[in-house]
Amino acid sequence: MNQKRGTPNEKPAIGGPDHTAFVSRHRSLVDRLHARAIAARPGLAGRVSADVLGEALSRSVAHRFGDETPTPAEVASYLESLHVGDLALACACAEGHEAAWEQFITEVRPTLYAAARALARHDDTGRELADSIYAELYGLETDRAPGGIRRGRRSLFRYFHGRSKLTTWLRAILAQRHVDAVRAGRRFEPLGTGDGGGRRVPDPSSTPSEPDPDRARYLSLMQAALTAALNQLDDRDRMRLSCYYIQAMTLAEIGRLLGEHEATVSRKLDRIRRRLREAVERELTEVSRFTADEIRLCYQYALEDLPFDLKEQLEGEVQSS
Amino acid sequence: MEDRRQGDTAIEKLLARSLRDAVSTDACPDPGLVAAYCDRSLSDAEAAHLESHFASCTRCQAQLAVLVRSESAVSGAAAPTRLLSWRWLAPLAAAAVVALAVWVIEPGPLDEQAPAERAETAEAPAAPPPTATSPATPVEDETRRELSTMEQVAEMAPSALGAAEKAADTSIVDEQTSPERAAAARDQAALRERTAVAALRADAADTPTLTIPTPVPSTMWRVRPPGAIERSVDAGATWHLQVPDAGAELLAGSAPTDTICWVVGRAGTILRTEDGQLWNRIAAPASVDLTAVEAVDGRSATVTAASGIRHQTTDGGQTWTRMQS
C-alpha cells in the first residue's frame, strides 16, 4: 500500500485528460456519488456539476493510491467511503460559488474559529490562526480568473480529498500549524509531564543517599533496559503511553482517540506498566546480573533523579474522572 | 508490594525520557490522513500503518492531542437546534435498538466491559478481540517463549539440582570443620548448577553455538541458543555462564580484546562487556534483526542489519550514524 505522505503544500494535479478519462471510466459511480452529495447538501444543486465532483474524486483516488494500479472494485470501495457532501462543498468553494461560501460560513466556519480559540491561549491569537487558514481557503483572486492556468497559490480546498469530515480536516490543519509553531518557537506548552513541561531541577539538598560511583551506570542500565522493553511493545501500547506521559492526555481523551472506553485505557496502561517493570527487572537480573538489592538501588536512584511524582498525578486524575 | 510500588513509580518517571527519545524516520502523514484517522475513516491496514508512525513521532502525537481536545471544544459550536427535533432522535433510537440487539446476541470482547465489571475481571487475562488481525504481541510471544523455556528447565533441572544438593550436603559436613571450605563448596555447587542448567537448555536446542574468538587464544566467548553467553579462559576446556538469557536470539559477536565483546541479535539486541565479566544492553539504532557486528573497542563498533544497512557508533552506543552503502 503506497501511503503518500504530504503536507498542505503538495501541488494538486490540475484537471486534464487523466481526470476526464477517470470520470468517463467511472461515469455511473460518479453520477451516483454526485446525487448523494447534493442530497447531503441541497444548497449546492446546480452549483457543482458531476464533472467537477468527478475531477475531485479522481484527484482523491490519485492521492490515495499513488503509483499503484487499483482494481475497479478497490476504486469503487474507496470512493464509496468518502464524505462526498463535504467534498462537493469544498469543490464549490474552490470554484468561488457564493452560495457554497454562505454554507461554509454558516456551518463550518464557526467550528474552525471555535477550534482555534480552544488551542490558543488568547482569543486574538485564536482568531489570527483561524483567519490565516480562512484566507488560504479563499485563495488568490487570480485563481478564479477566466482562461489559462495561473501559477501561484491555489485554494486550500484543493487539498481536501474527502477522506474525513471537512471540519475534522480543518482542525487537523490548525493542529499541525499550532504544533509546528510551538516547536519552532521552542515555547514550553504543557504538552507533557515528567521532565518535559515545567522542567524542574532536583534539589541537591534533598538527595538522601550516599554518593555512589556506580549511580550513573545504574541509571544508564535501567534506562537502556526500559528502552529495550519499550521497543517490544506494539504500536498501540506505545501510543497509549506517549499520549499519557508525553502529551498529558486524559484517559477519556486517549479513549476517544483510540476508540476505547476510558476504563479500558486505564486497565491497559496498568498492564503495560507492570510488564515494563517486569521486563526491566528481568533484564537487570539476567543480563547485568544485578541482585535484588541492586535493583532496589536502581529504583531509588531513578526516584531521586526525577522529583516529579507522576503516580500522584495519575491517582488524582482517576479520582476526579 | 512496597518494592513493586517503588518499581512502578521509578518506571513511570523514566518512561517520559525514554518515550521522548523515540524518533520516527518516516515522513509525517498529511492533515487529510490524520483527520481520516481521527474520524475512523481508514481501513484497518491504513490505520495500523499510521499508528506505527504515531507511536514514535512526538510531532504527530501532539497534533492528535490537540485534535482530540478541540473536538470537545467545537461540539458546542455545532448547530444545537437539531438536538431538540424528535425527527433527529428517531434514527438514534433505532440505532440504539439495533446496537442493543447486537450486544445481546454477541457479547463484545473483554476490553469493552463497563467499569462496573472491570473490578471483577481485573486480574483475568484479556481475551484477544474477535476482529484482531495481528498475531500475539511481541511481549506476549516473548512471555510464552520464556515460560516454555522455564518449564523445560524445571523438568530437567532436578538432576542438576540433585548434584548441587549433594555438593551442599558435603558442604554442610565441611561446615562443621571449616567454614571457608564450606563457603567455597557452596559457590562451586551454585556454579555447577548454573552451568548444568545452561547445558540442559543448550542440549534441548538443535542449533549450533556461535564461537567468538579474541586476540588471546585461550580466551573466547560463545553464544548458546536461545540467548546465553559463556566465556572460557582455558581455550574452551571449561565455560562460565555470564548471561543466562538475553531475551532474544543472538546472531553475531565481535571481541577486539580478551575483555571487550559485542554481541548482536534479533529485534535490535546489542550486548557489550568491557571488563570480560559484566554485560549491559546497548540501545540499538532500530529494532531490527542485527546479523553482524565489527567492534574496534568498547566504544566503537559497526552493526549490520539483515537488510544490509550498517550503523556505526563511536560513543558506546549513545548515538549511531548510518553508513553509506
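Student: Which residue forms a salt bridge with B:E51?

Tutor: Start with the general idea. Side chains of opposite charge can pair when their charged atoms come close. Now the case here, in a predicted model. B:E51 pairs with A:R236 in a salt bridge. Their closest N and O atoms are 2.6 Å apart.

Student: How many salt bridges are there between chain A and chain B?

Tutor: The count between the two chains is 9. Over all chains, the structure holds 34 salt bridges.

Student: Which helix gives the most to the side of chain A that touches chain B?

Tutor: That is helix α12 of chain A, residues 262–286. It gives 14 residues. By class, the side of chain A that touches chain B has 40 nonpolar, 26 polar and 31 charged residues.

Student: How many residues of each chain are in contact?

Tutor: On chain A, 97 residues are in contact with 85 residues of chain B. Together the chains bury about 8,600 Å² between them. Carbon and sulfur atoms carry 58% of that area. Across the interface, 23 residue pairs are in polar contact, both residues at pLDDT 80 or more.

Student: Now a salt bridge inside chain A. Which residue pairs with A:D31?

Tutor: A:D31 forms a salt bridge with A:R27. The closest N and O atoms are 3.2 Å apart. Both residues lie in helix α2 of chain A. They are 4 residues apart, about one turn of the helix.

Student: Next, helix packing. At what angle do helix α2 and helix α3 of chain A cross?

Tutor: The general idea comes first. Two packed helices are described by the angle between their axes and the distance between the axes. Here, α2 (residues 27–40) and α3 (residues 50–65) of chain A cross at roughly 105°. Their axes come within 9 Å. α2(A) and α3(A) are therefore roughly perpendicular to each other.

Student: Which residues of α2(A) and α3(A) meet?

Tutor: From α2(A), take A:R27, A:V30, A:D31, A:L33, A:H34 and A:A37. They meet A:A50, A:D51, A:L53, A:G54 and A:L57 of α3(A). The residues of this contact divide into 6 nonpolar, 2 polar and 3 charged.

Student: How far apart are the axes of helix α9 and helix α13 of chain A?

Tutor: The axes of α9 (residues 215–231) and α13 (residues 292–305) of chain A are 9 Å apart. The helices pack at an angle of about 95°, so α9(A) and α13(A) are roughly perpendicular to each other. On α9(A), A:R215, A:Y218, A:L219 and A:M222 make the contact. On α13(A), the residues include A:E294, A:L297 and A:Y301. By class, this contact has 8 nonpolar, no polar and 4 charged residues.

Terms used. Residues are numbered from 1 along each chain as its sequence is written. Chains are lettered from A and ligands numbered from 1 in the order in which they are written. This is a predicted model: local features need pLDDT of at least 70, side-chain atom pairs count only at pLDDT 80 or more; totals for chains, interfaces and linings use all residues. Side-chain values use heavy atoms; hydrogens and water are left out. Axes are lines fitted to C-alpha atoms, for helices over the stretch in contact, and angles run from 0 to 180 degrees between N-to-C directions. Helices (H or I, at least four residues) and strands (E, at least two) are DSSP runs, numbered from the N terminus. Angles under 35 degrees count as roughly parallel, over 145 as roughly antiparallel, 65 to 115 as roughly perpendicular and the rest as oblique. Contact means heavy atoms within 4.5 Å. Ala, Val, Leu, Ile, Met, Phe, Trp, Tyr, Cys and Pro count as nonpolar, Asp, Glu, Lys and Arg as charged, and the others, Gly among them, as polar. Buried area is the accessible area (1.4 Å probe) that two parts lose on being put together, summed over both. A salt bridge is a side-chain nitrogen of Lys or Arg within 4 Å of a carboxyl oxygen of Asp or Glu. A polar contact is a pair of N or O atoms within 3.5 Å; within protein, one must be able to donate a hydrogen and the other to accept it, and residues adjacent in sequence count only if both atoms are side-chain atoms.
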